[in-house]
Amino acid sequence: MVRRNRPLLAEILPPEERAIEAVVARYQRVAGAVTRVARTLTGRDDLRVVLGSSSRASEQEVVIDPGLFQSAYGRRAPVTPEETALASALHEVVHLVSADFDERRTIPSEWVAGAVEPPADGEITLLEALEQTGGPPAEALFFAIEDARQEAQGMASYPGARSVLTDLYRASLPGAFSRHGPLARFAIACFMTVGGYLPAPSLERRLDQRSGGAWRDALGLLEKAESAEDPWEVAGLAIQLLAVARMHGLVTEGSEESATSDRQQAEKEAMIDGLDRVRLFSPIVEDAERYNETRSNTQQAVAPSGMPAALDRASGDGTDQLLMVSQAPVVYLPTGQSGKLAVGRVPEPFRRFAPRGRVALLESAREWNVDQRQVGGELYPLFVANQRRGLRSGFDAGDLSPHAALLLGGGLYQRMFERRSISTRRSYAVSVLVDGSASMLQPRRLAAPRDRRPWGLAAAMLGAWTLAAMCSELQVDFEVALFNRAFAARVDDTEWTYSRRRTAAISELRRTHGSAADRLTSTVNHYLLSSFQEPWRRSDDVLAGLFWTASKIGEAGMEARRAPKEAPPVSLFEKAANVDEFNVTYAAERLANHGAQVRIMVVLADGMTRGSVEALARSVEEVDGRGTTVLGIGVGDDTVVSAYRHHQVISRPDELANSMVVGVGMALRRGLAMYGDDTWWIRAGRQSLRTNNTITTRERRSA
């Protein structure tokens, strides 16, 4: 039978569930409960609990370093990840709102007998008094029993969270006792006793003769520490505990001052090292240095007016990025893989380039022979009839039936009325998904051998513009999204804010999370340009600005360097490894949730997915199987042949826009022919399909 203290969350959880962003996401599910506890402890109903780059607390907010949660996941204990997230968050909140050792007093007379150096006159802080009277070992013992006292008293009303801490601490005891000497064992025993985490008989059996003897003699002091209300009282008990440890030979006196200082520092470090293998790490109750650092962060975060400072309200750019990633939706592929997708809007500052983009759009449309007038063509009359017809035929559509009297007499009027309200109007939706990586901005060959221009993304934007015109004519719902892999931009980002956020986030995350920084800052991004729920014209300025950026990338880059605070974030188009399958799956889910009967997705990309072609093919197959027609268009790349059932490879910009329009038009005609009763516009659609097929066959024969 496996012992209860054997499981290790780091062994049970898969790697993606142990990643810092998954840990933070797990905390955010219990953040409301943690905030309520903090407000109860402080008596402030307006207190905020947020995550930040460093732990601190003020009258307005409590900031928790998210790295503290991840350290709890390396513990062996019979607890779940959710329990660990809640308990570690409550643990940190309790210490942040309870630890305040800055009150100044004169040193109590009973402390002076064991003073390391003559005490100073006048009032000093508690930690200064401990340093003068007991030295580093007394400080370590004080933080050990004060840590346990705060938890016992602050979490007394939350036995569930206390039980999780108990399991975590008990499971860590064997390893801590086996790796440390009698002094560290004594400090750990004091911590476990004051916190009430282990019964005295069980604890005594685990202690050796020296540490056990000192602990038994200290039980009376530990009982007082558990019920103490004043940290100065706890500090006085810590000095007495140090005297007990000295009496049992756990700490020694030195003859020379330099040797004494080094020895005391070594004893302090030995106790802290042992304690940190048992207790959850919390910087404010680790030692004097970390306490002062945390309190200093609090003072710097509050402006002289008493309000949080504008420059450092709650967190840094690295923590903001971490929160964004943790809140990002998880996309599940049919292969069983899953991944995070950072979803946002295309930055609004691209509107700045809209006037030049509109001119460039018209010029390119003429050059590439893309007609944007009456794009719907022969589909227009068919769709007008479809949109106007909303009722069934016969008397249900309002015609008088010769049997109306019989129906009314038979009590069927209500049923007849209900059937009249049933709409048979067919609904259509088109989604365009465009590769937004830097490779789409690379110069490509045009008609002349030496004519090379960056037309990939520009032609895609022109195609989206043309499709938008067609869908607007036909009253078909329409959306456009870009995807890439890079640092995620915000909707209000300029080149200035984007580049500085990116640099700051990478620097902070490398400092706090090491190798995870690259994964956290190079995310799979899904930028929505226009959604189904909004009129297309609300976003066409952004598309025009994107078109100018894509077609004149050199000029756009110069503009961004010349006026970075006004220019859009041109540098978001990084050279990166796209993961197409996540974006296709996410866009298809959004398209399916829209509720349209006829669903069409167009995906444009110029390279192989850096995920897996097999995963992309499986994803496209699943989307197709659920009734969505997926058209893959490869810009100078034939990956679409392997991944998409409906595909086309193009090598010229005029082919791209026309392929999008023709492909979507054919899919819409198929939708007209497949749904509904045999009415005249459906027959016309079928006849159109037969005619087109006949023409295509004749053309092939003549060729």
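**Salt bridges in the predicted model**

R345 is partly exposed, with a relative accessible area of 27%. Its salt-bridge partner is E534, with the closest N and O atoms 2.8 Å apart. The model is predicted. The count of salt bridges comes to 33.

**R345 and E534**
- R345 lies in strand β8 (residues 342-345).
- E534 sits in the loop between β13 (523-530) and α25 (540-551), so this pair ties together parts that are 189 residues apart in sequence.
- E534 is buried, because its relative accessible area is 14% and the cut-off for buried is under 20%.

**K268 and E139**
- The side chains of K268 and E139 form a salt bridge, at 3.0 Å from N to O.
- This pair links distant parts of the chain, 129 residues apart.
- K268 belongs to helix α15 (residues 257-276), and E139 belongs to helix α8 (residues 135-154).
- K268 counts as buried at 11% relative accessibility.
- E139 also counts as buried, at 10%.

**R562 and E559**
- R562 meets E559 in a salt bridge of 2.4 Å, N to O.
- Both residues lie in helix α26 (residues 553-562).
- They are 3 residues apart, about one turn of the helix.
- R562 is exposed, with a relative accessible area of 57%.
- E559 counts as buried, at 8% relative accessibility.

**A salt-bridge network**
- Salt bridges link E348, R351, R358, R537, D540 and D541 in a network.

Definitions and conventions:
Residues numbered from 1 in each chain as written. Predicted model: local features only at pLDDT ≥ 70, side-chain atom pairs only at ≥ 80, totals over all residues. Heavy atoms only, no water. Salt bridge = Lys/Arg side-chain N within 4 Å of Asp/Glu carboxyl O. Helix = DSSP H or I, 4+ residues; strand = E, 2+ residues; numbered from the N terminus. Buried < 20%, exposed > 50% of the residue type's maximum accessible area, 1.4 Å probe, protein only.
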